[in-house]
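Me: Please take a close look at one part of this model, the part where two chain segments run side by side. Then show what else is worth noting along the chain.

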Amino acid sequence: MSAGSAALSTITRALNELAKVPSRAASGASERIDALIQREFDQGTDPYDSAWEPLAEATLDKGRTDPPLTDSGALREVEVTPARGAGINVTLGEAYGAFHQIGTRNMPARPILPTGPLPVAWREAIDAAALEACNRATGGR
């Protein structure tokens, strides 16, 4: 193999690895964001670490306990998966999670997903996953 074809082969391998960065980053970010959402349910907080509105007295009187949104466990069965190519998909554990996300006339909002700018923890999760994917592609250089 000539020096030129060896160099071309090295460049081709490097480019093939770099092409995998978006999907690898999405995979890593999906895992991290899923963990962040599970932490929200454990702590009873939104993505910005603000406490969800407390349960109503009438709800507590029925025997429910804090944190909110955890009675059946169905809502926390959120699916966070890499999108095809790059990006992530987030699916709430139950369709009625949308009502908790925005609230209703009779129920306060208890957001599970971001409602404004991306939360710091989510940005850090995405950045860490992207850095790992880049380091993997470049051998840490």
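The answer below begins with the hairpin and then goes back through the loops and helices.

Reply: This is a predicted model, in which local features need pLDDT of at least 70 and side-chain atom pairs count only at pLDDT 80 or more, while totals for chains, interfaces and linings use all residues. Residues are numbered from 1 along each chain as its sequence is written, and side-chain values use heavy atoms, with hydrogens and water left out.

The hairpin consists of strand 1 and strand 2, with five residues between them. Strand 1 covers residues 79–82 and strand 2 covers residues 88–91; the two pair in the antiparallel sense over four bridges. (Helices, H or I with at least four residues, and strands, E with at least two, are DSSP runs numbered from the N terminus; two strands pair if DSSP finds at least two bridges between them.) Glu79 is placed opposite Thr91 of strand 2. In the turn, Gly85 has a positive phi of about 90 degrees.

Within strand 2 sits Asn89. Beyond its neighbours within four places in sequence, Asn89 is in contact (heavy atoms within 4.5 Å) with Glu79, Val80, Thr81, Pro82 and Ala83. Asn89 is partly exposed because its relative accessibility is 39%; buried means under 20% relative accessible area, exposed over 50%, and partly exposed in between, with a 1.4 Å probe and protein chains only. From C-alpha to C-alpha, Asn89 is 31 Å from Thr12, and the two are 77 residues apart in sequence.

The loop between helix 3 and strand 1 holds Pro67, which is joined to Asp66 by a cis peptide bond with omega of about -5 degrees. Leu69 lies in the loop between helix 3 and strand 1. Leu69 has a positive phi, near 65 degrees, and is not a glycine; it counts as buried because its relative accessibility is 10%.

The loop between helix 2 and helix 3 contains Asp49. Asp49 also has a positive phi, about 70 degrees, without being a glycine. With a relative accessible area of 46%, Asp49 is partly exposed.

The structure holds one aromatic pair. Phe41 and Trp52 form the pair, edge-to-face, with 5.6 Å centre to centre and 70 degrees between the planes. (Rings of Phe, Tyr and Trp, the last by its six-membered ring, pair if their centres lie within 6.5 Å; planes under 30 degrees apart are stacked, over 60 edge-to-face, and the rest tilted.) Phe41 belongs to helix 2 (residues 21–43) and Trp52 to the loop between helix 2 and helix 3 (57–61), so the pair ties together parts eleven residues apart in sequence. Phe41 and Trp52 are both buried.

Helix 1 (residues 3–19) includes Leu15, which is exposed because its relative accessible area is 52%.
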